[in-house]
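Work through these exercises with the model in view. Try each task before reading its solution.

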Amino acid sequence: VTHWRPGLEPPYRLWEHVARGGLMRAQNVMAERLIWEWVCVRKLGWPPVAPEQWRCTMATSRVNSLPGGLDAVGSALRLDTTKDKRGKALLKLLSQPRNPTKKDPRRRILPSDDPVAASALYAYCDQDVRTEDAVAAAQPQMTPDELAFWQIDQDINYRGVAVDRKAVRDMIAVMEQVFEAYTQECLQLTGGISPSQNIELAKWLDSRGWHTTSVDAEQVEHMLLQPLLPPDVRRVLEIRQLTAS
């Protein structure tokens with residue numbers, strides 16, 4: 001078990017392993033794959049890893065009807081090596097961007113700012129590697145068919161979904177125009193209440209003789225089934241239904 005960070009000598013042994021076509025295993029491996037390709041390769045000049053070289057202990061655990069989380073699967077397998085539970089707080093402290101203030105304009109705390117926390121974070125990462133190794137050794141690996149199925153799933157997720165962003169923006173603009181028209185109509189019918197003002201809308205319905213404690217979707221749908229609703233009450237309920245969907 002070893003760890004690397006910027007400023008240390010490059011991990012040549014790891015690079016040689018990758019170049020030989022060696023397998024790369026991690027827990028929920030897509031995270032490592034994305035970091036490797038989008039940070040290590042593109043920004044640091046590391047060698048790329050072929051998609052077929054990746055393996056995932058989480059996916060393997062799922063195939064074997066075990067929990068996906070590293071801590072949970074370690075407990076299920078009754079391993080002596082378990083996940084370090086301090087990791088979440090350490091990662092949040094040293095990795096998660098925060099809102100800067102005038103007194104402290106930095107967007108996050110760097111490992112150099114808190115060497116003690118950084119050392120604990122590195123130890124947490126080392127323990128994760130040991131736990132993942134123990135999890136992998138304690139259960140059967142995927143069959144060739146299961147591996148092929150998982151790799152197809154990884155390719156689909158990595159590729160993502162094509163989105164026509166211009167069409168989405170246009171649809172949002174149309175929805176905003178429609179919502180504004182409905183809101184203005186509701187304001188006129190109710191004397192100044194918008195369809196999003198739940199409590200005020202319920203009070204207005206009560207004042208019109210139709211008592212309700214809620215204007216949620218189920219209640220509005222139930223009220224619209226009433227045949228004797230006055231036209232203005234029916235229309236307000238229809239507007240509420242249209243704008244809340």
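**Exercise 1. In which hand does H5 pass H6, and what makes the contact?**

Solution. 
- Step 1: Take the crossing. H5 passes H6 in a left-handed crossing. This is read from a predicted model.
- Step 2: List the H5 side. Gly87, Leu90, Leu91, Leu93 and Leu94 of H5 take part in the contact.
- Step 3: List the H6 side. Ala117, Ala118, Ala120, Leu121 and Tyr124 of H6 take part.
- Step 4: Sort by class. The contact of H5 with H6 has 9 nonpolar residues, 1 polar residue and no charged residue.

**Exercise 2. At what angle do the axes of H5 and H6 cross, and which orientation term applies?**

Solution. 
- Step 1: Locate the helices. H5 covers residues 87-95, and H6 covers residues 115-137.
- Step 2: Read the geometry. Their axes come within 10 Å and cross at roughly 130°.
- Step 3: Apply the cut-offs. Angles over 145 degrees count as roughly antiparallel, and 65 to 115 as roughly perpendicular.

**Exercise 3. Classify the packing of H9 and H11, then describe the contact.**

Solution. 
- Step 1: Locate the helices. H9 spans residues 198-207 and H11 spans residues 231-244.
- Step 2: Read the geometry. H9 and H11 pack at an angle of about 160°, and their axes are 11 Å apart.
- Step 3: Classify. Because angles over 145 degrees count as roughly antiparallel, H9 is roughly antiparallel to H11.
- Step 4: H9 passes H11 in a left-handed crossing.
- Step 5: Name the partners. H9 contributes Asn198, Leu201, Trp204 and Leu205. H11 contributes Asp232, Val233, Val236, Leu237 and Arg240.
- Step 6: Sort by class. The contact of H9 with H11 holds 6 nonpolar, 1 polar and 2 charged residues.

**Exercise 4. How does the radius of gyration of the chain stand against that of a compact globule?**

Solution. 
- Step 1: A compact globule of 245 residues would have a radius of gyration near 18 Å.
- Step 2: Compare. The chain has 28 Å.
- Step 3: Along the principal axes, the C-alpha atoms fill roughly 80 × 55 × 40 Å.

**Exercise 5. Which element has the lowest mean pLDDT, and which the highest?**

Solution. 
- Step 1: Count the elements. The chain has 11 helices and 2 strands.
- Step 2: Take the overall score. The chain averages a pLDDT of 91, and 100% of the residues score at least 70.
- Step 3: Helix H5 has the lowest mean, 82, and strand E2 (residues 54-56) has the highest, 97.

Terms used:
Residues are numbered from 1 along each chain as its sequence is written. This is a predicted model: local features need pLDDT of at least 70, side-chain atom pairs count only at pLDDT 80 or more; totals for chains, interfaces and linings use all residues. Side-chain values use heavy atoms; hydrogens and water are left out. Axes are lines fitted to C-alpha atoms, for helices over the stretch in contact, and angles run from 0 to 180 degrees between N-to-C directions. Helices (H or I, at least four residues) and strands (E, at least two) are DSSP runs, numbered from the N terminus. Angles under 35 degrees count as roughly parallel, over 145 as roughly antiparallel, 65 to 115 as roughly perpendicular and the rest as oblique. A crossing is left-handed if the near helix is turned anticlockwise from the far one by less than a right angle, and right-handed if clockwise. Contact means heavy atoms within 4.5 Å. Ala, Val, Leu, Ile, Met, Phe, Trp, Tyr, Cys and Pro count as nonpolar, Asp, Glu, Lys and Arg as charged, and the others, Gly among them, as polar. pLDDT is the predictor's confidence in each residue, from 0 to 100. The radius of gyration is taken over C-alpha atoms; the globule rule is 2.2 Å times the number of residues to the power 0.38.
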